[in-house]
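Let's take a walk through this one, a stop at a time.

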Amino acid sequence: MKALLLKDWYLLRKRWGLLFGVVLLFSVLSGAQASMLYTLMTTMMLLMISLNTLAYDQHDGWDAYASALPVSRTQLVLGKYLLAGICIVVSVMLVLLATIGLGDRRMDNLLGNALAQVSFGFFFVACNFPLILKFGFEKSRVYYLVVTGVLIGLTSLLSQSALSSSSFPALPFVVPFSALLAILLSFKLSVFLLKTKEFSET
Amino acid sequence: MEHAIACTNVRKKLGSFSLDLEHFCVEKGTVHGLIGANGSGKTTTIKLLLGLMKPDEGVVSVLSSTDIAQDTDARNRMGFTVDDASVPSLLNPREMGAVLAGLYHDWDDTAYHQLLKQFKLDEKKPYRACSRGMKVKILLAIALSHKASLLILDEPTSGLDPLSRDEILSLLSEYSKDEEHTILITSHITSDLEKLCDYITVLDEGKIRFTEEKDALLDSYRLVRTTHSALADFDPEAILAKREGEFQIELLMHKEQIPSFAEPIRVTLEELVILLAKGGFKG
């Protein structure tokens, strides 16, 4: 598993310096403007990095190569979900640091942001990863953009305190729980898809 | 003799193409060449053996494992190169070594770096910036650096200059000296296979036309050159294939069926495969 993450680290190190700069900018904007849109964009931009490693793998034929290496396909999928998990954690940390650094230390706000980011991140990964594994990054691009738009819109809407606390008090618990369930189901589906995948062409 | 690879009644359909490996075995400790034209099913066979594709029917056994796609232990003992599957193009050989050391149980870092040095490869040059020859050498260095007992190599010498091809063939020849080591190699450069292989299998339109021991195969056929006017002196049934030139005709025949008046010429593997294919593999 460490080796698979190391491979992705080597890719990230070479390719996404600029993207990481954009992530930093979004996290600072998120802290400065207390905007959920920037908060979620921070998470999304970091998740795009993990998504791009999938695209590179497919483009290079590494997905096929790795499937013939002594590593199980479950581990290959787990590696990608772990990387996505790391990206989500990093995005939460960045927003947290930026928010605290810029003076907002309200616990409910910090926690709300973190829950929104984790939920958004989990749904984002849950919806996109199986599709990319099945159809490839290029063919899934349109779907991926639609999912991103819908998720950002929904999460921004749900995170508005008026909506969340008044009309549905259980929302702060239901959404993260649903996100967790979605990512677990997505992981199972991705493992199934990769195990049954045939590399007739890449 | 023990088999490193055994395919029994294997069928795989891919659109209009159908691969049919009724009985295909590679004996342990041998070098086995798989010859065939483009689209004959070589790469599909390799992918079935590596677990990258699943047969529709039949049993594929590799290093005694009948489910190679799930058997990481067996895959640990295999080295491979396969068309359209490769290492990450942004990584350089040094980084690849660090990654693969964490995936192969018996990774030999010293051997890997020694091979890179032997191939005169720049350890810091990204894979995508390497030439076709360099890329093949990197993949071979990987395949040879984890004490694999079976190498499955798909067209490792195609697109390489003669010097690089010779270097690779020498390395594979050295590897095959160990009786525990088996190689299955596909190529349409038959001269490479003639140098290296103990056994030859010819694949044509998804079907195995024959599997033969190379020396016995080359020994049992001969070429005979004759003129158009003298062709009538030959038994038509004994002519397996013919190649007509402006002034003469080349006939492929079994050695024992050549009439005494004709002078037999030793045939190369390439001539043999081409002529047999022309003759519809009737020999």
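What follows covers the contact between the chains, a helix pair and a sheet, all in a predicted model.

## Where the chains meet

Start with the two chains: 25 residues of chain A are in contact with 26 residues of chain B. On the chain A side, the elements giving two or more residues are α1 (2-15), α3 (36-60) and α4 (62-67). The largest share, eight residues, comes from α1(A). Sort that side of chain A by class and you get 13 nonpolar, five polar and seven charged residues.

## A helix pair in chain A

Now look at α2 (residues 17-33) and α5 (residues 73-101) of chain A, which pack at an angle of about 45° with their axes 8 Å apart. That angle makes α2(A) oblique to α5(A), and the crossing is right-handed.

On the α2(A) side, the contact uses V23(A), S27(A), V28(A), S30(A) and G31(A); across from them in α5(A) sit L94(A), V95(A), A98(A), T99(A) and G101(A). By class, this contact has five nonpolar, five polar and no charged residues.

## A sheet in chain B

Over in chain B, four strands form an open sheet in the order β11-β12-β10-β13, with antiparallel pairing. β11 (239-244) and β13 (264-266) of chain B each have a single partner strand, so they stand at the edges with one side left without a neighbour in the sheet. On average, neighbouring strands are turned by 35° against each other, direction ignored.

β11(B) pairs with β12 (residues 249-254) of chain B over five bridges; E244(B) has I249(B) in β12(B) as its bridge partner. Helix α9 (residues 269-278) of chain B packs on the sheet, touching β10 (221-226), β11 and β12 of chain B, and its direction makes about 100° with that of β11(B).

Technical notes
Residues are numbered from 1 along each chain as its sequence is written. Chains are lettered from A and ligands numbered from 1 in the order in which they are written. This is a predicted model: local features need pLDDT of at least 70, side-chain atom pairs count only at pLDDT 80 or more; totals for chains, interfaces and linings use all residues. Two residues are in contact if their C-beta atoms, placed from the backbone, lie within 7 Å. Ala, Val, Leu, Ile, Met, Phe, Trp, Tyr, Cys and Pro count as nonpolar, Asp, Glu, Lys and Arg as charged, and the others, Gly among them, as polar. Axes are lines fitted to C-alpha atoms, for helices over the stretch in contact, and angles run from 0 to 180 degrees between N-to-C directions. Angles under 35 degrees count as roughly parallel, over 145 as roughly antiparallel, 65 to 115 as roughly perpendicular and the rest as oblique. A crossing is left-handed if the near helix is turned anticlockwise from the far one by less than a right angle, and right-handed if clockwise. Two strands pair if DSSP finds at least two bridges between them.
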